[in-house]
Amino acid sequence: MMRATQTKTAPKHSKLLIIGSGPAGYTAAIYASRSALNPVLIEGPQPGGQLTITTEVENWPGDASVQGPDLMLRMGNHARHVGAEIIADYIVDVDLTQRPFVATGDMGDRYTADSLIIATGANARWLGLESETRYRGQGVSACATCDGFFFRGRVCAVVGGGNTAVEDALHLANFASAVYLIHRRDSLRADKTNQARLFAHPKIKVIWNAEVAEVLGNGSKVTGVQLNHPLTGEQSTLTIDGLFVAIGHDPATSLFKDQLAMDPDGYILVTPGSTATSVPGVFAAGDVQDKHFRQAVVSAGMGCMAALEAERYLIDQAAKAVLVETVSA
Ligand code: NDP
């Protein structure tokens, strides 16, 4: 793997810099390479992104079953094969007020670029229990869409009270024999339509005012959860096969705070039907701007859009530069 080597005084310049190496970043790199933009992609702290911490992926078109890390390795190799330069660095500072844009890595290496694709993704929030970490991938998951299928005929629980938790519970009810929604309060923040669907579903039961205190297992898979009931001071044990944590995500956007328009949750705002951000020449693809779908295939699609939009932007900029030269000659 190539490690950043350029010094602070000699920034590496590219027409297109891509930050992030999940499905959005790699797909953008593939499309941009094939458009002869010679993109530079900075991998970030978790090369391959969120899919590298999942196991089987069964919804990536063309692969009935593929391991997440393997899929990301193949995407990275594909991007390299078509000419993308992939650099193992972690961007810690970005200046979008300058042209070209400037990004700085954690060792001080600098990158300048005429256009930028942000594909830094988002991270699922976890409860923070040691037992939750131990059973991740063995019954504990943060993606019902990815892993629900494995719980056909089993009993599952979802933690959370937002739209994601409710939609996860409804999705799981397609497979599971019973689904519990465990929420720490006595009302949900999910929208009313989702709530109505949830309450009407015969397979779903809501456990109010309860906190997951421990994930229980037999060493190789989840067998239940221990619940605290703060209002009564009681504890109880719930027998389940799978625990889905749906307590929100944090988009990795702190680098761009006060430089790009974002929603109150920190997701980058883009023009509808586009990946264009509030700064011309800067595009955002994948979970960093998408709080609704959070799927690899959607992120990959957005990576494609971002690369095509960056290409059009660069062509427009070049045409404008020629016009200015002609007028001033
Ligand atoms: P939200 O932030 O909306 O909800 C998170 C939920 O998790 C809250 O109910 C919160 O409880 C609970 N929670 C947070 N931390 C903990 C914790 N440590 N222990 C237990 N529970 C916890 O996140 P979502 O992912 O659900 O949604 C994010 C955004 O995306 C929202 O704006 C949502 O509306 C949107 N969205 C929209 C969809 C749609 O329109 N179809 C689908 C999915 C998401 P509490 O309520 O007590 O704070």
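Here is a short chat about the predicted model shown above.

Me: What kind of model is this, and how are residues numbered?
Reply: It is a predicted model, where local features need pLDDT of at least 70 and side-chain atom pairs count only at pLDDT 80 or more, while totals for chains, interfaces and linings use all residues. Residues are numbered from 1 along each chain as its sequence is written, and side-chain values use heavy atoms, with hydrogens and water left out.

Me: Okay, how many helices and strands does the protein have?
Reply: Seven helices and 19 strands. Those are DSSP runs numbered from the N terminus, with helices (H or I) of at least four residues and strands (E) of at least two.

Me: And what about its overall dimensions?
Reply: The C-alpha atoms fill a box of roughly 80 × 40 × 35 Å along the principal axes.

Me: Which domains is the protein divided into?
Reply: Domain 1 covers 2-123 + 249-328, and domain 2 covers 130-245. The bounds come from an automatic or database domain assignment. The C-alpha centres of domain 1 and domain 2 lie 34 Å apart.

Me: What area is buried between domain 1 and domain 2?
Reply: About 580 Å², with carbon and sulfur atoms giving 46% of that. Buried area here is the accessible area (1.4 Å probe) that two parts lose on being put together, summed over both. In domain 1, Glu 56, Glu 58 and Gln 295 lose the most area to domain 2, together 49% of what that side buries.

Me: Then how many does the structure hold, and where is one of them?
Reply: The structure holds seven salt bridges. One of them joins the side chains of Arg 74 and Asp 63, at 3.0 Å from N to O. Arg 74 is in helix H2 (residues 68-81), while Asp 63 sits in the loop between strand E3 (56-57) and strand E4 (66-67), 11 residues apart.

Me: Switching to the backbone: which residues does a cis peptide bond join?
Reply: Arg 99 and Pro 100, with omega about -5°. Pro 100 is in the loop between strand E6 (91-95) and strand E7 (101-105).

Me: What is phi for Ala 36 and Asn 209?
Reply: Ala 36 has a positive phi of about 60°, and Asn 209 has a positive one near 50°. Most residues other than glycine have a negative phi, and most peptide bonds are trans.

Me: Where are they found?
Reply: Ala 36 is in the loop between helix H1 (23-34) and strand E2 (40-42). Asn 209 is in the loop between strand E13 (204-207) and strand E14 (211-217).

Me: Last one: which residues is Lys 205 in contact with?
Reply: Leaving aside neighbours within four places in sequence, Lys 205 is in contact with Val 179, Tyr 180 and Leu 181. Lys 205 is found in strand E13.

Notes
Contact = heavy atoms within 4.5 Å. Salt bridge = Lys/Arg side-chain N within 4 Å of Asp/Glu carboxyl O.
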